[in-house]
Amino acid sequence: MATAEAKLQKPEFTNEPFVDFSKPENRTAMEAALKKVAGEFGREYPMYIGGEKVTSAEKMTSTNPSHPSQVIGVFQKATAEQARAAVEAAAKAFESWKRVPAEKRVEVLFRAAKSIRERKFEISAWICYEVGKSWVEADADTAETIDFCEFYGREMLRLAGPQKVTPYQNERNFMTYIPLGVGAVIPPWNFPAAIATGMTVAALVTGNTVVLKPSEESPTIAARMVEILYEAGVPKDVLNFVTGLGEVAGDALAKHPKTRFVAFTGSKDVGLLISEAAGKRQPGQLWIKRAVLEMGGKDATIVDEEADVDAAVEGVAQAAFGYQGQKCSACSRAIVSEKVYDTFVQKLVERAKKVTVGPSEDPANYMGPVVSESAMKGILNYIEVGKKEGKVVLGGGRAPGDGYFVQPTVIADVDPKARIAQEEIFGPVLAVIKAKDFDDALRIANDTEFGLTGAVYSKNKAKLEKAEETFHVGNLYLNRKCTGAMVGAHPFGGFNMSGTDSKTGGKDYLLHFLQAKSIAEKAS
Ligand code: NAD
C-alpha cells in the first residue's frame, strides 16, 4: 500500500525548543523585534472572502492592554451577511481543495512552520503587545504554533491513503479518511497564535476549507498567521478570514447550513451556545454538524501532607500567576491537606510576593496586564466576592500603571462550594481550600462542573495511583504544575463542561476533522 508517509519522509516530531532569554543575543533579537513591530501599529487589515480583500463599513480596533491608548490594528467588523458569504466561498473552494493530494497539503504546513520559526521573535513581539504575554509566555505560544504545524503535518501523512482493515474472503477491502467540508474556526485570545493556527491547520491539512473568525481581542496575530499560511501555499479561497463580533459573525458561521463543522475554543457559555446552534438543523442543511468544543476550567492542585511542599508552592505559583492566570489550564484552586495547610499558605504568600507586575514588553515583569478592561472589571468583581468568601492573604486589587494590571491574589480559607471555588475567574486569583485528608481533597477537586487539568503533589505512590484513577480531568499532572502542556507529549482537552475532550496535539485530534469511508470490492 503506497502511503503518503512513504513518499514524504520527515524525522520524528520533536518539540520546538524555547528561546533562552538569558542569552544576550536572544534578548537583543527580542528587543529589535518589539521595536520593529511597534513601527507597524495601527495598520488596517482587510478580511479575505473567496480570495478577495473585503472591508466593512464598521471598524473595530485592537489595543495594547499594557498601554490601552496604543492601537495595535484596525479591523473590519463583519456583518452576518459577510460571514455567510465566507461560508459560501469556502463551500465552493472545498470542491477543489479536497482533491489536492494530502502530501501537498502537508507540505504547506511544513513551509508555514519554517516561516514561523524564521520570524519567531517578531511573532512573539505581536503576542506580547496584543494580549499582554511576557516574553517567555509569548515565545511558548509561538513554539506551540510551530509544533502544531509540524505535528499535524506528520499525523496527516499517517492518516492519508488506504487504512488497513481485517482482510475478508474474496474481497479487496480498505478504509480511507476523507474531509468533512467547510469548518468554522472560532478561537479565543489567550493562545492567539497557537490555538487559532492549530485549529486552522488541523482543518486545512485534512482537506477541509475554513472560515477563521479570530477573537475580537487578538485579530492582529490571527491576521499575521493567515498571511503566513497564504505565503506557505494555502489558496486564499480555501482559508477565509472574517473579523468581527462573536455574537454576529461567529453566530452566523456556526448556524450556516453549509458549515459542516465548528472548531471552537473558548468559554463554557459560548461553547454551549455553539453546541446548541450546531445541533439545530437549518433549512437546506444536509448533515449533522460536528462541534469540537474546548472550553473553560476550574483547575485544582492537590497538596498532600506527604508532598514536597516547596515544590508544590512553586508549581502552584507558576500555574496560578503565569500569564496572569489566563490559561484554561491555570491553577485556580489549591486544595491542601490540613496537616500542611498553614505552612503551604505562608510559603505560597512569600513566593507570590516576588511576582512582578507591569507592562509585558519589559522582561522584568513576570505578569503583564489582563487582556481587557472588561476582563479586569470581571476579575476585580470576583475578588470582591472572594473577600466575603475567604481571607485575602495577598493582593486583592489593581496593580499600578495605566494598563489593566491586577495584583496576584491569594484568598485562603475558601469553602469548596464558594463561587470563587466553582466559577472560572480567568485571572490571577487563587482560592486556597483546606482538606481533611487525601480522599477529601480528591472529592473537593472533582466537585465542580469542569474537568480540564489537575495536579497532585505527594510522595505516596498509592495516593498518586488513586488520583490516576479518580481525579476526573482530561490532563492530570503528578508532582508537577498543571499548566504547560506540550504538543505530542500531553494531548490536551477536558471532560464535563470543559469540552469535548478533543485532545489537541494528540494522535486522535485530526480524526475530528475527517470521516471514514469503508470500501470493499468483490474480487473477480
Ligand atoms: P469566549 O468564549 O468569550 O470567545 C471565544 C470565541 O468565541 C471568540 O472568537 C468569540 O468572538 C467567539 N464568540 C463569542 N460569542 C459567540 C457566539 N455567540 N457565537 C459564535 N462565536 C462566539 O472566550 P475567550 O474569552 O476568548 O477565551 C477564554 C476562554 O477560553 C476561557 O474560558 C478559557 O478557559 C477557554 N479556553 C479553553 C481552552 C481549552 O483548550 N479547553 C484553551 C484556551 C482557552
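Me: Lys and Arg count as positive and Asp and Glu as negative, while His and the chain ends are not counted. How far apart do the centres of the positive and negative sets lie in the chain?

Reply: This is a predicted model, in which local features need pLDDT of at least 70 and side-chain atom pairs count only at pLDDT 80 or more, whereas totals for chains, interfaces and linings use all residues. Residues are numbered from 1 along each chain as its sequence is written, and side-chain values use heavy atoms, with hydrogens and water left out. Each charge is placed at NZ of Lys, CZ of Arg, CG of Asp or CD of Glu. For the 65 positive and 67 negative side chains, the distance between the two centres is 4 Å.

Me: What is the radius of gyration of the chain, and what value would a compact globule have?

Reply: The radius is taken over C-alpha atoms, and the globule rule is 2.2 Å times the number of residues to the power 0.38. Because the chain has 524 residues, a compact globule would have a value near 24 Å, and the chain agrees with this at 23 Å.

Me: Which percentage of the residues counts as buried?

Reply: A residue is buried under 20% relative accessible area, exposed over 50% and partly exposed in between, with a 1.4 Å probe and protein chains only. Of the 524 residues, the buried share is 58%.

Me: How is the aromatic pair of tryptophan 189 and tyrosine 323 classed?

Reply: Rings of Phe, Tyr and Trp (its six-membered ring) pair if their centres lie within 6.5 Å; planes under 30 degrees apart are stacked, over 60 edge-to-face and the rest tilted. By this rule there are 13 aromatic pairs. The centres of tryptophan 189 and tyrosine 323 are 6.3 Å apart and the planes stand at 75°, so the class is edge-to-face.

Me: How many residues apart in the chain are tryptophan 189 and tyrosine 323?

Reply: Helices (H or I, at least four residues) and strands (E, at least two) are DSSP runs, numbered from the N terminus. Tryptophan 189 is in the loop between strand E7 (182-186) and helix H7 (194-205). Tyrosine 323 is in the loop between helix H11 (309-321) and strand E13 (331-337), and the separation is 134 residues.
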